[in-house]
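User: I have the sequence and the structure of a protein before me. Please guide me through its features by question and answer.

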Amino acid sequence: MNYSESETKAKKFAVPESFIACIVVITLVVSLGIAADSLAFGRRTIIRIGINAPITGDIPKVGEGTKYAALMWLADIEKNNGIEVNGKKYPVELVIEDNESKAESAVKANTKMITEDEVLFIVGPQSSKQAVPAGDVANNYHTPMISPWSTNPDTTSRRPYVFRGCFLDPFQGPVLANFITEEFKFAKAAVLYDVSSDYPKGLAEFFKQAWEKSHGPGSLVAFESFTTKDTDFSSQLSKIIKSGAQVLFVPQYYNEVALIVQQAHELGWQGPIVGSDSWGSAETVNLCGKDCYGQFFSTHYAAAGAKGATKAFIDRYQKEHGYVPDDVAALTWDSLGLVRNAIENCGRITGRIKKDREAVRDAMAKIKNFNGITGNMTFTEEGDPIKCAVIVRISDKGEYEFYKSVCPE
Amino acid sequence: MKSPIDKIKQLFNTTPLLAWLLGWLAAALTEYFIGDAVSYYLGLPRIPVLFGCLLALKKPLLIPGATGYFLLIYLLPFFLVARLCRRPANYLASLLARGPVSLAAIIHLALFYLALHIWADISDYRLLLLKLTMVAVMLTLSLNVINGYMGEFSCSHPGFMALGAYTASTVTLRLFADDKLFGAPLLSPALGPYLFPLALICGGIVAALGAVVIAIPSFRTRGDYLAIISLAFLFIVKSLIENLEFVGGPRGMSSQPDYAGLPMVFLGMVSCVWIINNFVCSTMGKALCAVRDNETAAEAMTVNTGKTKIVTFMFGAFWAGVAGGLFAHIIRYVNPGSFGIQRLAEILAMLYFGGLNSVTGSIIGAVSINILSEALRPLELFKWIIIPLLLIMVMLFRPTGLVSFTEFKAEKLMRPRG
């Protein structure tokens, strides 16, 4: 078909110019009509807080705890008609993004919240594998971020805009080693950990260092590993039992803890088994049952026998959502409390987001002795809090009882 | 009497690709200059980033505003300019058709890039999304070479990607960055952006070498065996990296230098599409299709089947490695956990959604799944119901994917239409 032929054909079937003109007019009328009634939304200064949580993916329970804690925090602020800064109240909005428990999705979510939603502060992501790359994004855009749960030192190191809400593994490892030494007076320990997962591996190594420092080289008689999703630990456990260890340290997540503890008892392990903050989920006892009763682990807070604000939070959470909050929810709650404190003390909200972010970051770094439900917090230069760890004993009823508190010197 | 859709089709069937690109450029420029003002008057909080999808799903009250914005800023300039430019564009296209194809392709690509660049300039979120989509295109296309054109079922693509990502990261961190894993840089960091393509090629080569390791034992058999061996390879690569302390073990590697800008990623994607398209159209590509349909018959027709298969497998792995290197420098963090079964499922979904044996299909599959999964982000859990449902529908109604068994011909695409 040549040019003129197609041209005449087109003219026969449609009148192009009037058709396009029609579209133009309709579009303009429609959009102006809409504009009139939606101008009411306007652009006023709203404080937006971003929540970057794993709502779908591997650890949805963590995402759920984060989201519930954030919504409770928002309800409190709405009761108060917003956050008061310099005598003026500003409304608060939450921007909750799902990071699917994936690193690149967490990066996308952070970029979106910073550039699109113009959030003032980001709370999350929780796991280190997302918090490390997402922290890089936040730092590059000069947006303050606090990860309530990430224990990897890389998350905050050399990043002035990134904070965290929990203690680090280099602190937790020695705390547990010292606790075992003082409590049981043992000299031989064993460790069983997941070599392919960042958190257990790091913690196992810090524990090893601390243990060998106080008991001499060779005192850690077994250092056994497995890989994620293994379910049979009998060969490692047999080796551990044969090695003559008096105590077993298992820095694993709840699903593996149940399997390891039960299999160890089946194989005839008699001594205590000690865990880390990853045991803190309510699921640990549900899955493990009686085998876990009487064991110890270190964590951020103890739900059973809590007092004051901690108890108020637990009761409220349990009433609204039907179960006792785990450490993620409590740490998220505290992180949001820190954020609120920082915003209230930032001086002035100007509405220019870049300036406000700087001001809030500076206020955050200056916080001293913040009284949270997981303990008192003061930030170091790196943005890591100095706070105490809690040793919890699983009671004979399966509750997490406060046993003692260990603070950094 | 013709239906209105036919009338509209009639209106635009003399419009060449060049005019469409100009229309797209016009839309991008309109948004660049008046997007903010228009979004203000439509009561939107700001320029809608993904054609208003995110806004519409989060705040249904803003749907009319977002639709109005889409009509005014995108649809209107796009069709108006495409329609108005068709005569000069046809004239230009017929001029270009006389010259070499590569010149015409470069002009079209430059125009396309310009429009993309302006579009991505509005927001960094868009930019990131665009870059990751381009990487996904590369991954899907390179898997199509193996799973589509060669007709095998390989599961090791995330493994190749991991090899590429770690190699490229090691090279750039060692040579150009002051890093805590490797210490002070060996070369001046100023050289980095120029030598970055070499780092990517290194990544690709290591991935191709990995492919040889699988190819030698598995090509003695056919069918399910390759799937199993390649799956095993994926696990081997993952646990190898987890146990290699000098690349960070399970903690991963972070703070790669920021070399993967939009031009770099675009160049990577274009060369990937261009070279793979030439490969599958070459004699080798035809031999490959013969091997897929009947290996014995191909052998009888003097095709060296062993060589064809190994070269193809390495070729596919090479591009997966390059894509992995780009991915590592976009996210600026890699950990072994990113290259597991989940990633494999994503790539396979994009491949089968788009269509086997088709360069166009791979591009469509990767872009649509990526954009869709971002646009449906506000739905959280329901996103994971909608996307799989879509996949099931595609598999039911078009079992080989949306666009399959077609050839991508640049000349045909760029020809004048009037």
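User: Which side chain does B:Lys309 join in a polar contact, and at what separation?

Analyst: This is a predicted model, in which local features need pLDDT of at least 70 and side-chain atom pairs count only at pLDDT 80 or more, while totals for chains, interfaces and linings use all residues. Residues are numbered from 1 along each chain as its sequence is written, chains are lettered from A and ligands numbered from 1 in the order in which they are written, and side-chain values use heavy atoms, with hydrogens and water left out. A polar contact is a pair of N or O atoms within 3.5 Å; within protein, one must be able to donate a hydrogen and the other to accept it, and residues adjacent in sequence count only if both atoms are side-chain atoms. The side chain of B:Lys309 has such a contact with that of B:Glu295, at 3.2 Å.

User: Is B:Lys309 buried or exposed?

Analyst: B:Lys309 belongs to helix α14 (residues 305–331) of chain B, where helices (H or I, at least four residues) and strands (E, at least two) are DSSP runs, numbered from the N terminus. Buried means under 20% relative accessible area, exposed over 50%, and partly exposed in between (1.4 Å probe, protein chains only). The relative accessibility of B:Lys309 is 2%, so this residue is buried.

User: How many disulfides are there over all chains?

Analyst: A disulfide is a pair of cysteine sulfur atoms within 2.5 Å. A:Cys288 and A:Cys292 meet this rule with sulfur atoms 2.1 Å apart, and A:Cys388 and A:Cys407 meet it at 2.0 Å. Over all chains, the count is two.

User: Why is the disulfide of A:Cys288 and A:Cys292 right-handed?

Analyst: Both partners are buried, A:Cys288 with a relative accessible area of 2% and A:Cys292 with 0%. The disulfide is right-handed because the torsion about its S-S bond is about 85°.

User: How many residues apart in sequence are the parts that A:Cys388 and A:Cys407 tie together?

Analyst: The link between A:Cys388 and A:Cys407 is right-handed, with 100° about the S-S bond. A:Cys388 lies in the loop between β15 (385–386) and β16 (389–394) of chain A, and A:Cys407 in the segment after β17 (400–406), so the parts tied together are apart in sequence by 19 residues.

User: Which cysteine has the sulfur nearest to that of A:Cys166?

Analyst: A:Cys166 is buried, at 0% relative accessibility. A:Cys166 is in no disulfide, and the nearest cysteine sulfur, 14 Å away, is that of A:Cys388.

User: What area do chain A and chain B bury between them?

Analyst: The size of an interface is often given as the accessible area lost when the parts come together. Here buried area is the accessible area (1.4 Å probe) that two parts lose on being put together, summed over both. Of the area between chain A and chain B, 57% is on carbon and sulfur atoms, and the value is about 5500 Å².

User: How many salt bridges are counted between chain A and chain B?

Analyst: A salt bridge is a side-chain nitrogen of Lys or Arg within 4 Å of a carboxyl oxygen of Asp or Glu. One of them pairs B:Arg377 with A:Glu97 at 3.6 Å, N to O. Between the two chains the count is twelve.

User: Which element gives the largest share of the side of chain A that touches chain B?

Analyst: Elements that give two or more residues to this side include α1 (3–13), α2 (16–38) and β4 (92–98) of chain A. The largest share is eleven residues, and it comes from α2(A).
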